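Colleague: I should like to learn how to read a structural model. May we go through one together, feature by feature?

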Amino acid sequence: MLAKDLMTAPVITIQEDASVAEAARLMLDKDVSALPVLDGSERLKGILTHSDFGLSPKFRPLVDNVYTLLGSTTTPEHLEETAHQVGTRRVREVMRRNIITVSEDASIEQIARLMMRSQIHRLPVVADGKLVGILTRHDFLKLIAQAD
């Protein structure tokens with residue numbers, strides 16, 4: 001099986017000049033955990049994930065004293081104010097730029113190894129430099145669902 005057989009397409013994306021608040025609303029509305037970020041020519045420029053917002057288990061030890069929202073540290077007392085400030089930032093300011101991608105013809109075995117080795121949960125699929133799909137841990141459930 002190849003990436004093109006398992007990937008989710010079309011992909012819900014966001015433009016790099018959108019606000020972080022727009023990105024958060026889109027992720028909530030579409031129930032996705034990541035947004036590939038495109039430039040004006042529809043080229044993949046980065047990715048924004050739910051863990052970038054600071055909602056990751058690695059931040060839990062800090063919860064009683066300090067929250068982290070997209071790199072901005074705040075106290076519980078100032079959380080709403082910081083969330084507003086973070087929401088007005090542009091996606092291009094906070095997205096991850098060094099992203100790993102695969103081609104449509106990558107095998108599922110290659111993809112699984114790459115995701116485990118790189119400790120990533122989602123992998124954009126590209127063809128001719130353009131985003132054509134995305135593979136997430138959720139997509140691997142399709143393999144299990146096809147078992148019977």
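Colleague: Where does Ile144 lie, and is Ile144 buried or exposed?

Modeller: Ile144 belongs to helix α6, which covers residues 137-145. Its relative accessible area is 61%; exposed means over 50%, so Ile144 counts as exposed.

Colleague: How should one read the sides of a helix?

Modeller: An α-helix has 3.6 residues a turn, so residues three or four places apart point the same way. Consider helix α3, residues 79-87, whose buried residues are Thr82, Val86 and Gly87. Viewed down the axis of α3, these buried residues fall within an arc of 135 degrees, so they line one face of the helix. The face turned away from that buried side carries the exposed residues Glu80 and His84.

Colleague: Which strand has the lowest mean pLDDT among the elements of the protein chain?

Modeller: That is strand β4 (residues 67-69), with a mean of 60, whereas strand β6 (residues 102-103) has the highest, 97. The protein chain averages 85, and 84% of the residues score at least 70.

Colleague: How does one treat a passage of low confidence?

Modeller: Where pLDDT is low, the predicted coordinates should not be read in detail. Over residues 55-60, pLDDT stays under 50, and the model has 5 contacts beyond four places in sequence for them.

Colleague: How many helices and strands are there in the protein chain?

Modeller: There are 6 helices and 8 strands. Of the 148 residues, 38% count as buried.

Key: Residues numbered from 1 in each chain as written. Predicted model: local features only at pLDDT ≥ 70, side-chain atom pairs only at ≥ 80, totals over all residues. Heavy atoms only, no water. Buried < 20%, exposed > 50% of the residue type's maximum accessible area, 1.4 Å probe, protein only. Helix = DSSP H or I, 4+ residues; strand = E, 2+ residues; numbered from the N terminus. Arc of directions from axis to C-beta. pLDDT = per-residue confidence, 0-100. Contact = heavy atoms within 4.5 Å.
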